[in-house]
Amino acid sequence: MALLPTEPLQIVEPFRGRNDTRRNLVGLSREGLKETLAEAGLEPFRARQVWQWIYWHGVIDFGRMTNVARKTQQRLADLFVIERPGIVTEQRSVDGTRKWLLRFADGNEAETVNIPEEDRGSVCVSSQVGCTLTCTFCHTGTQPLVRNLAPDEIVGQFMVARDSYGEWPTPIETTRMLSNIVMMGMGEPLYNFDNVATALRIVMDEQGIALSRRRITLSTSGVVPMIPKVGEVLDVNLAVSLHAVNDAVRDTLVPINRKWPIAELLRACAAYPGARNSRRITFEYAMLKGVNDSDADARELVRILKPIHAKVNLIPFNPWPGAGYECSSNNRMHRFAEIVNDGGLSAPIRTPRGRDILAACGQLKSASQRGRREKVAL
């Protein structure tokens, strides 16, 4: 796989708003696409053709669908569009990370990041504009929830990333620069599960974007009742934002813990399908100086996670404007990792990426705000 460029860069593109009543075909399920085209009087086999052109070839112009008759191309163009979110800015870090601020049809915005490695690229996808969870160490948590993202807005983030890297048509697995999706961007995916599930099923379809479920990780802050549904409907990799080993600390860091405390969360994780086979559940643990980084915390982390087929991602805290925390020292993080590793759990320290463009874990945020009278259905 070719190494990705590491140039610092910011591209600002003019946003072109949409004043169009045609329906966007991106984000429809296979069956939904078939029904939509049938309502337009098109033959059932057209759905398969259009699906492959949208998700395998990445086209946005019906005129490029070379196995579709010109009359049908025109019919499609009259009624439908193939639309991605609009790019407001694209930023490129000195370490190769890319971040996009994307604007949706209603003017709301969210951020998406690609984190490149030598052997893969992980696209960090947002599920909501803002967030309702108010985790105190997370920049997104300072932005109140504006709304859930729709399936086209979720899958469209990955398509924008592919556009940026010119990675169309869908490449074979061993040559992909964008090989993984992590639902770790703005928002709590399990508070928007139906839309997230629709988008991820599109991503996993073998006749389109074709990412294996083993290449997809869904991260949750601990919406316990929804965890079994993730396993049942998607069976993707599960990551849990843990960040503390006792309820007193986690109640502050991850306030959803007051509703579903650690013991309940761990029981749900132990029952997740991935915990019973070769895939381990990942527990994310932000290293916060003087808060959750003691030797005793490390030993307790081993104790509570040992019954689960788990690994731990130790995340150096990534600062953001107004943050009330500091990152643990390198010596403290390595000592913490040593204790956890000696206890039988894998505990790598994640290398921060994209800090210079506020693209690292916990740094994402947009300026979108919800109107006073608007309500969000969760």
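Mentor: Buried means under 20% relative accessible area, exposed over 50%, and partly exposed in between, with a 1.4 Å probe and protein chains only. This is a predicted model, in which local features need pLDDT of at least 70 and side-chain atom pairs count only at pLDDT 80 or more, while totals for chains, interfaces and linings use all residues. Residues are numbered from 1 along each chain as its sequence is written, and side-chain values use heavy atoms, with hydrogens and water left out.

Trainee: Does Asp235 count as buried, exposed or partly exposed, and why?

Mentor: Asp235 lies in the loop between helix H6 and strand E12 (237-241). Helices (H or I, at least four residues) and strands (E, at least two) are DSSP runs, numbered from the N terminus. The phi of Asp235 is positive, about 55°, although the residue is not a glycine. Because its relative accessibility is 23%, Asp235 counts as partly exposed.

Trainee: Which value does phi take in Ala210?

Mentor: Most residues other than glycine have a negative phi. Ala210 is in the loop between H5 and E11, and is buried because its relative accessible area is 17%. In Ala210, a residue other than glycine, phi is positive and near 60°.

Trainee: What is the omega of the peptide bond from Trp168 to Pro169?

Mentor: Pro169 is in the loop between helix H4 (151-165) and strand E10 (180-183). Most peptide bonds are trans. The bond from Trp168 to Pro169 is cis, with omega near -10°.

Trainee: How far is the charged end of Arg162 from the centre of the Trp168 ring?

Mentor: A charge sits over a ring if NZ of Lys or CZ of Arg is within 6 Å of the ring centre and within 35 degrees of the ring normal. Arg98 lies over the face of Tyr165, 3.9 Å from the ring centre. The charged end of Arg162 sits over the ring of Trp168, and its distance from the centre is 4.9 Å.

Trainee: Why is the pair of Phe317 and Tyr325 classed as it is?

Mentor: Rings of Phe, Tyr and Trp (its six-membered ring) pair if their centres lie within 6.5 Å; planes under 30 degrees apart count as stacked, over 60 as edge-to-face and the rest as tilted. A search of the whole structure finds three aromatic pairs. In one of them, the ring centres of Phe317 and Tyr325 are 6.2 Å apart and the planes are at 70°, so the pair is edge-to-face.

Trainee: Which residues have the most contacts inside the largest nonpolar core?

Mentor: A nonpolar core is a set of buried Ala, Val, Leu, Ile, Met, Phe, Trp, Tyr and Cys residues joined through side-chain atoms within 4.5 Å. The largest one has 115 residues, and those with the most contacts inside it are Phe137 and Phe283. Helix H5 (residues 193-204) gives the most to this core, and its share is eight residues. The names asked for are Phe137 and Phe283.

Trainee: Which residues does Val254 touch, not counting those up to four places away in sequence?

Mentor: Val254 is in the loop between helix H7 (247-253) and H8, and is buried because its relative accessible area is 0%. Its C-alpha is 9.8 Å from that of Gly141, 113 residues apart in sequence. Contact means heavy atoms within 4.5 Å. Leaving out residues up to four places away in sequence, Val254 touches Cys135, Phe137, Ser221, Ser241, Leu242 and His243.

Trainee: What is the distance of the polar contact between the side chains of Asn108 and Asp106?

Mentor: Asn108 is in the loop between strand E5 (98-103) and strand E6 (109-116), and counts as buried because its relative accessibility is 12%. A polar contact is a pair of N or O atoms within 3.5 Å; within protein, one must be able to donate a hydrogen and the other to accept it, and residues adjacent in sequence count only if both atoms are side-chain atoms. The contact that joins the side chains of Asn108 and Asp106 is 2.9 Å.

Trainee: How many of the 378 residues are buried, as a percentage?

Mentor: The protein has 10 helices and 14 strands, and its C-alpha trace spans about 70 × 50 × 40 Å along the principal axes. Among contacts between residues at least 6 apart in sequence, 68% join residues at least 24 apart. Of the 378 residues, the buried ones make up 56%.
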